[in-house]
Amino acid sequence: MFSVADHTFMARALRLAERGLYTTSPNPRVGCVIVRDGEVVGEGWHERAGESHAEILALRAVAGRAKGATAYVSLEPCSHHGRTPPCAQALIDAGVARVVAAMQDPNPKVAGGGLALLRAAGIRTDCGILEEQARELNIGFVSRMQRGRPWVRVKTAASLDGRTALNNGASQWITGPQARRDGHRWRARSCAVMTGIGTLLHDDPQLTVRHVATSRQPVRIVVDRHLELPLSARILEGGNVLVATGVDNTERARILAQTGAEILVLPNADGKVDLPALLQELGRREMNEILVESGNRLNGALLRAGVVDELLLYFAPQLLGDVSRGMFDVGELTSLDQRVDLSVREVRRVGDDLRIVTRVKT
């Protein structure tokens, strides 16, 4: 069904889409390549919400040579009016003869409608080439469209024996500078970075992107059951902070709100933060990917709540011993049937450390 040339041009469209890795949220990352007589005549990628989509930028670059051409798009062209007009109609108006999409748009407002509109106009459409790569590039957007919540990625750094800190809490630094810079790239692609109050009280992190160039800082989220967040916390600097709590403490919430933080009261039956409800709320706020950088308690709570999708694990070539702190507090397991099964997606060396990306099996 697909030729070698189709694979080559779609791979190019995906590389273009990656240029929007840090900037497109809440929109998906999309690239477009327009080819005529085997030659690329125009290309573009979506950079940020509210600005032109990849197809529109590629058509502008074509300068009138789109008639009879093939457009390779990493995601089905949209067919509805959102912040911008529909791209499917723009391709029809430009006179393209064929549109190749890597995957169907999971947005219910599109969901095949763009391809149907193109076919109705007599344009040949093909879909499904390099689909897995396209899906991975927009895994958070797909999650939000299909499940109503973001993709949750838990990042942690540990010794080879799985310890994240000494028993006294000392943890800086287990991994090397290359691994820490790599972690900032994962921050930069995320819509929000989440931590727990324990980590915040001990380490006072900023949770900002500093080691890679980006025009957008992620929202910073603190899971703080009792609203213990100090007014002096560095995370409050610059605003863009959401505090999720399990208590309705009006006075304390008012004081914190004066710093620019938003307070979200979401108690569960135990008076703790309702983590599934929090993730649904973040999805409602159009957040695609959440990076969790916390201690073993919140990590474990998220696992127990069944809302963790991916683990980003950095292992340093060192041993810290059994009395040091672990990565996930999930309580005592009494049967191997209670274990959390993972699938390994990637193993890579980063500096002197090892990075392993795994997915939670469902």
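In which handedness of crossing does α2 pass α3? The crossing is left-handed. The structure is a predicted model, where local features need pLDDT of at least 70 and side-chain atom pairs count only at pLDDT 80 or more, while totals for chains, interfaces and linings use all residues. Residues are numbered from 1 along each chain as its sequence is written, and side-chain values use heavy atoms, with hydrogens and water left out.

**Helix packing**

- Helix α2 covers residues 54–62, and helix α3 covers residues 87–94. Helices (H or I, at least four residues) and strands (E, at least two) are DSSP runs, numbered from the N terminus.
- α2 and α3 pack at an angle of about 20 degrees, and their axes are 9 Å apart. That makes the two helices roughly parallel. Angles under 35 degrees count as roughly parallel, over 145 as roughly antiparallel, 65 to 115 as roughly perpendicular and the rest as oblique.
- Axes are lines fitted to C-alpha atoms, for helices over the stretch in contact, and angles run from 0 to 180 degrees between N-to-C directions.
- A crossing is left-handed if the near helix is turned anticlockwise from the far one by less than a right angle, and right-handed if clockwise.

**Salt bridges**

- The whole structure holds 30 salt bridges. A salt bridge is a side-chain nitrogen of Lys or Arg within 4 Å of a carboxyl oxygen of Asp or Glu.
- Arg-187 bridges to Glu-293, with the closest N and O atoms 2.7 Å apart. Arg-187 sits in helix α7 (residues 177–189) and Glu-293 in strand β11 (residues 289–293), so the pair ties together parts that are 106 residues apart in sequence. Both Arg-187 and Glu-293 are buried. Buried means under 20% relative accessible area, exposed over 50%, and partly exposed in between (1.4 Å probe, protein chains only).
- Arg-234 and Asp-204 also meet in a salt bridge, at 3.9 Å from N to O. Arg-234 lies in the loop between β8 (219–223) and β9 (241–245), and Asp-204 in the loop between α8 (197–203) and β8, so this pair ties together parts that are 30 residues apart in sequence. Arg-234 is partly exposed at 34%, and Asp-204 is partly exposed at 26%.
- Arg-48 pairs with Glu-47, their closest N and O atoms being 3.0 Å apart. Arg-48 is partly exposed, at 26% relative accessible area. Glu-47 is partly exposed as well, at 33%.
- A network of salt bridges links several residues, among them Arg-29, Glu-132, Arg-153 and Glu-310.

**Surface patch**

- Val-344, Val-347 and Leu-354 make a nonpolar surface patch of about 250 Å². Patches are made of residues with over 30% relative accessible area and no salt bridge: like charges are joined within 9 Å, nonpolar side chains (Val, Leu, Ile, Met, Phe, Trp, Tyr) within 5 Å. Accessible areas come from the Shrake-Rupley method with a 1.4 Å probe; for residues, only the protein chains shown count as cover.
- Val-344 belongs to strand β13 (residues 342–350). Val-344 is exposed, with a relative accessible area of 58%.

**Backbone details**

- Ser-25 and Pro-26 are joined by a cis peptide bond, with omega about 5 degrees. Pro-26 lies in the loop between α1 (4–18) and β1 (31–36).
- Ala-111 is not a glycine, yet has a positive phi of about 40 degrees. Ala-111 is in the loop between β4 (98–101) and α4 (113–120).
- Glu-286 has a positive phi too, near 65 degrees. Glu-286 is in the loop between α10 (275–284) and β11.
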